[in-house]
Structure formats: C-alpha cells, structure tokens
Amino acid sequence: MSVKFDRFLYGGDYNPDQWLEYPQILEDDIRLMKQAHINTVSLGIFAWAKLEPEEGVYDFDWMEEIINRLYENGISVNLATPSGARPHWMADRYPEVLRVNETRQRELFGTRHNHCYTSPVYREKVRKLNQKLAERFDDHPGVILWHVSNEYTGECHCPLCQQAFRDWVKDRYHTIEEVNRRWNTSFWSHDYQSFDQIESPSSIGENSIQGLYLDWRRFVSHQTTDFCRAEVAALREAGAKKPVTTNMFYNNPFVNYYELADAVDIVSWDSYPFWHKGPESQTAVNAGMQHDVMRAMKREPFLLMESCPGPTNWVPVSKLKRPGMLETASLQAIAHGSDSVLYFQIRKGRGGFEKLHGAVIDHYGKEDDRTYQECCQVGADLEAMQRLNHSKVEASVAVIYDWENRWAVEASAGPRNENMYYREAVEKSYSAFRRQGVNVDVIDMTKSLEPYQVVAAPVVYMFRAGFEEKVRAFVERGGVFIMTYWTGVVDENDLCFLGGTPGGLMDVMGLRSTEIDALYEGESNTLRVVNSGVSDEDESDVRCSPNAGSFGGDRSDAMNAHDSAMFGGDKSNVWDSLDSNVTYSCEHLCQLVDLRTAEPLFVYGEDFYAGTPALTVNHYGEGLAYYVCADAEQGFYDDVYARILKEAGVPRILEQEIPDGVAVSSRRGENTEYIFVQNFNPTSAAFCPEVDGSEVIFGEAGDEMKPFSTVVLERKL
C-alpha cells in the first residue's frame, strides 16, 4: 500500500488533554499553529486515562471537540491508539498486565511501556478501546492517519510470556531433539528433555546458550509485532479504512523493525540526533543512515514522526540547536524520502518527565520566541516545496544492516567482548557511498538485492534468510558485492559453518577466512597498496598468501588467467591511480585470509601478517566480489568505494567533487529530479552545485554555501 498525502505533513505531538482546564491556551494553540504553517498533529498518544477514566467508562467528547476545531482551522490529525501507557486502574485490578523483568520480579506501576504484550487482559482492553475509537473517528474528515501506540519496546519474562515462548519454540523446531541440535545444548551438558524446561535467558539462570538468546530476541520481536498487528486488526474490524503507522525509534534493541514494518501501511520514526556534540557532518551521516533504514523498509516515502525543535531533555546534556540547524535537520529528512516533519512536541507541558523538552510553543507562549520563529520558517519551507510531493528516493546502491545479525554480533563471546563496532562498521560503508553523492538504501538480509548495482555487507557475522544464495546470484549476473571481515561465520542459530568461511561463499569471494586478530584499544595496523615498495618476488608471495598450499597446485597460472579475464589482458583500470605511498590505519579487527582466485589490492603493513592481503577482488560470473579484511579508517573506505562505484558505472547525482560536510541526495518525481545539497558545517563551504539545465527552487546557489544551509535544484529528466 503506497500512502500519499496531499501535502508535506508539518506539526507534531499535541496533548490538549493536559490543558482541558485552560480554554484560552487551547485557543492560543490553534492561532500559533496556523501562524507556524502547521497542518497536522498527532493526537491522543498518551491519553488513555482521559479516554477511559474508569474501566468500561469512555469519554470521547473532549477529543471530538478538539478534532473538530483543528479541522475547521485546516489542521489534520494522526489519531493515536493510547496503548503506550495504560491507566492506574488497570494495573491495580489486573496485575498480570505489568511486566516481569529478567530476574523474574514483577515491576510496579509506573513510567510507560510497562505492560505485557502477551497478557490476554491487556490485549482485550486495547482491542475494545481501539474499536471504539475507530467507530467514532475513522469517518471524520479531519483524521487522515491512525498512529498505533508509541515506540513499541521492551520485554516481559512473566509466566504468560514463558509459555508463549515455549509454544513459539515448539512451532519453530517441532521436537526437543531439534532444539538441542540447533542450540548446541550439549555444550556444558545443558540438554533439554522437554519444552517445559525452556525459559528465557536470565542473569540468574541460563545465559550461556547463544541459540536460546537469539531465539528469545526473535520471540520478543515477534510478540511485539503480533501485538501491533492485533491493534491494527481491531481498528479494521471496527471499519477503519485510513492508513496505519507506528513510530519507531533509533536502533531499538528489542524489535526487528524490518519485521514490524510489515504490520503497518507507512513507516515512521522518531529522530533525536546529538547535534553539536561532535562534528555535525558525522552526526548527519548517522541520522541520514537511519532515515535510509526507514525508507528502505518499504522502498517508499516514510514519515518523520518526531524530532525536537529545541533541546532534548532526556539526554545527558540538553544542547540548544544553533541557528539554522533545525531547518537543515528537517530538510535532511525530506531529502532522504520523508513526507513529513513532525515534532515532539507542539506545546511544552507544565509538569512531568518532558516538561523541559523542546517544543514549538514554549511555556512563555508568545510568537517572539526564537525556536517558534525557526519552526515558522521550516513550515514555510515545506509549503514552498510542495512540488516535491509524491516524489521518491531511488537508490542503485545498498548497505546491509541486519537486526538479527546485530543481536548475534553483540552476544557472541569473541573476538572482541568490549565492542564489536557493528553499527560503526556499517556507517563507514554508508558514509563512503554518500560521500560520492549517491542515494543509498539500508536493507536487511531478507530483502532482494536485484534493484542494486553495488551492495556492501559489513560484518555480516550471521547468514540467514538465504543470504548466501542471494549474494551468489547477484554477483553471478553482474553485481558488485563488497564483504568485510568477520562475515559468514555462523548460521541463524549461531552455529559455526563447517568447511571454511565465509560459509557458502568462498568461491564467490575467491578466498577463505583463516584467523582474525582482535586488537586492544589503542592498537593499530596499516594497509598499503600492493606494489608499494616491495619486490616482484615479495609481491608473488602476497598473491599466494601464507597458507596457499591448502588449495593445492601452482596458482600463478590461474592468477594470470584471472587477471586477463577481469581486465581483458590489460590491467589499466581505476586501481592504477592508487598512490603507492599512501597508507591507511586500521584497528579493532584484522582478518587473515587465504587466497584462492582473488587478487590482492592492499596488504597489511605490520605485525606477523605484514604483506598478506588486506583488500581483495575476485571475478565471479559477470560480477566482482571485494573483501575488506580489516576495520580500516574512514579515508580508506572513501577512496576505495569511489573507485568501486566508478568501475561499476554507478551514476553520481552531481559530478563535482563534494567537500567535507556537504551532503547530496535526490528525489524523483514524474520526469523530474530534485537534488538536495546541504552544508552541515558550522562554517561556510566553498561549493556551488552545478547541474546543466537545472533550476534552483530553494536556497541560494552562489560561490559558497552558508553554514547549515540547503539548496534544492530541479532537473528535468
């Protein structure tokens, strides 16, 4: 279902239930929202206590009055189901709705999301309320979207969840013998004799079986998604026809968002980057990657459901956004495929946990507030960009970022238990692609690789969902695939592949991974270009690698034949321009490999494995497979990926060299491309975007770009 709105949505979370005793404030809110160009609010997210003050006693009149007044003033509503925080009476009467932690202790009433997704009582209470809301409001012309719950997260270890987990495991594996085999329970003699013995991982119980840990994480994600589906079903059963979303958030450790995305019609998420904590350009990469995660889940526009117009109060330091940062961050979301800029929150509350969280309307309540004025500017910007509505981001490059792989990487004992830097590794590949001015999809292993020319798979420790077969077919038909160290080590149950790694892809990569050296913090190695100051005899040794004998035979003829096939007998190619005097640093992890048909492009510079391969390339079918052996510095990825994209013929959005801190993205409409150029630097950047036949439709394109500024070009296709 492709969801389209007649305008970019602009506004945010509105909580009039906190102000029902202040009618003048509610009047002022309407006036101030209209002045700020706000056209949409999210309503009722945490309003359960006002909607059902007593069990079975419902009061929707106040909400209908608010929706009517908003609609009369041109403001639409994302209407929420309030399951993110249940009222006190429910916890008092039905203690089973409260979660149990991993030490098997039931939690007290408090905070939010303190509810069991398995509890039949909780599910029934949510179902009834959702149906009544749908019956009352789905036909209201002011309601344009259903906002299901809020930031689903967390886990429960109660008896209900334990039994549901056992049932889930039984449905997955059928017999206890298969469970023991898949979880390798014979280690430490932890075999199960029946499903009744299975419990969730606990710090005071079983926490050594990684297959159990992974399946518990999968179950928690499944149960959360199932709860979301039940909420949506309740709306539909009551006749709701409007599209449905739920707001996700950054890097949720409990829920596989690629799975949750299938339960809703449009993906939305809440973005709270740490602007001004470090280089804004790096923060922009981090935020941009998460935008692209959300967009790529459905390969459709998404919604920025929450962002902060001022300081975020629940982070260690509540930093003010510098002038221009709000506009730049908001338009970054649009550039990456969002059809909205929505904030938390419209008006600051007088009390509670987030009373000091940034908002469009301050406690001061007047128009001359700096943040309010900047919000007015963003609203005007979005109205000026209405021609971009219904355009989409198209990407020919993808990076793999997989939730289940992340769980496995972080839970594995070794090769580094302090930090495996998984997301950081993904960001290096993502940033290198973005540095070349191409759009990037961030996908998991369940997605097809067919839409892409180049795919990077950093630290895909665990293979699942038939990923090996997808990679093989992708490269065979001409795709360019980039694999890194510590990839293809285990299957979906965290069982090591036998017969060599990367499992099932050694021939595609043209090598076998042999050992991996974990470096202490502060340790490093270097990477240098092949032929940089070594003799031909030494280079021959490099090509064969330290353990070449394991494949047998004299490999020099095979390698020469490989070179001829890859480069047509002439090795004049993009790699010839590498500066042999340049070296790059690497840290954390250094993979050692045994070459088969792959050719080394870089080698290690230090330690006992100095001179052995550090970057390789292999021709397989019609495509190329690269292997990055070490956790190299960002500059290495930038330079290497630039050559890979050029070799693959991937077109850049702009042909110009892009300065540091400047980002380029694009959206496409019918016969039109809209190019976003953004300067995330706090200083001016000497850059003027140049596109033949283009028109500047937003911002100023001069000899330099101002700090935190955006230029949008329109190019006819």
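## Helix α11 and its two neighbours

Let's start with a pair of helices: α10 and α11 cross in a right-handed way. This is a predicted model, and in it the axes of α10 (residues 280-298) and α11 come within 10 Å, at an angle of roughly 35 degrees. From the α10 side, Glu-280, Ala-284, Ala-287, Gly-288 and His-291 take part, and they meet Met-325, Gln-332 and Ala-333 of α11.

Now follow α11 to another partner. Helix α11 (residues 325-335) also packs with helix α12 (residues 370-384), their axes 9 Å apart and at an angle of about 30 degrees. Because angles under 35 degrees count as roughly parallel, α11 is roughly parallel to α12. The crossing of α11 past α12 is right-handed. On α11 the contact is made by Leu-326, Glu-327, Ser-330, Leu-331 and Ile-334, and on α12 by Glu-374, Cys-375, Gln-377, Val-378, Asp-381 and Leu-382. These residues divide into 6 nonpolar, 2 polar and 3 charged.

## Backbone spots to look at

Most residues other than glycine have a negative phi, and most peptide bonds are trans. A few places in this model are worth a look with that in mind.

Two cis peptide bonds come up in loops. One joins Phe-344 and Gln-345, with omega about 25 degrees; Gln-345 sits in the loop between β9 (340-343) and α12. Another joins Gly-414 and Pro-415, where omega is about 0 degrees, and Pro-415 belongs to the loop between α13 (403-411) and α14 (422-435).

Two asparagines have a positive phi. For Asn-184 the value is about 50 degrees, and this residue lies in the loop between α7 (176-183) and α8 (210-237). With a relative accessible area of 40%, Asn-184 is partly exposed. For Asn-671, phi is near 65 degrees; this residue is found in the loop between β21 (662-669) and β22 (672-679).

The protein averages a pLDDT of 93, and 94% of the residues score at least 70. Over residues 533-540, however, the pLDDT is below 50, and this stretch has 4 contacts in the model beyond near neighbours in sequence. Residues 543-572 also stay under 50 in pLDDT, and here the model has 51 contacts beyond four places in sequence.

A friendly caution for these stretches: where pLDDT is low, the predicted coordinates should not be read in detail.

Conventions: Residues numbered from 1 in each chain as written. Predicted model: local features only at pLDDT ≥ 70, side-chain atom pairs only at ≥ 80, totals over all residues. Heavy atoms only, no water. Axes fitted to C-alpha atoms, helices over the stretch in contact; angles between N-to-C directions. Helix = DSSP H or I, 4+ residues; strand = E, 2+ residues; numbered from the N terminus. Parallel < 35°, antiparallel > 145°, perpendicular 65-115°, else oblique. Left-handed = near helix turned anticlockwise from the far one by under 90°. Contact = heavy atoms within 4.5 Å. Nonpolar A, V, L, I, M, F, W, Y, C, P; charged D, E, K, R; others polar. pLDDT = per-residue confidence, 0-100. Buried < 20%, exposed > 50% of the residue type's maximum accessible area, 1.4 Å probe, protein only.
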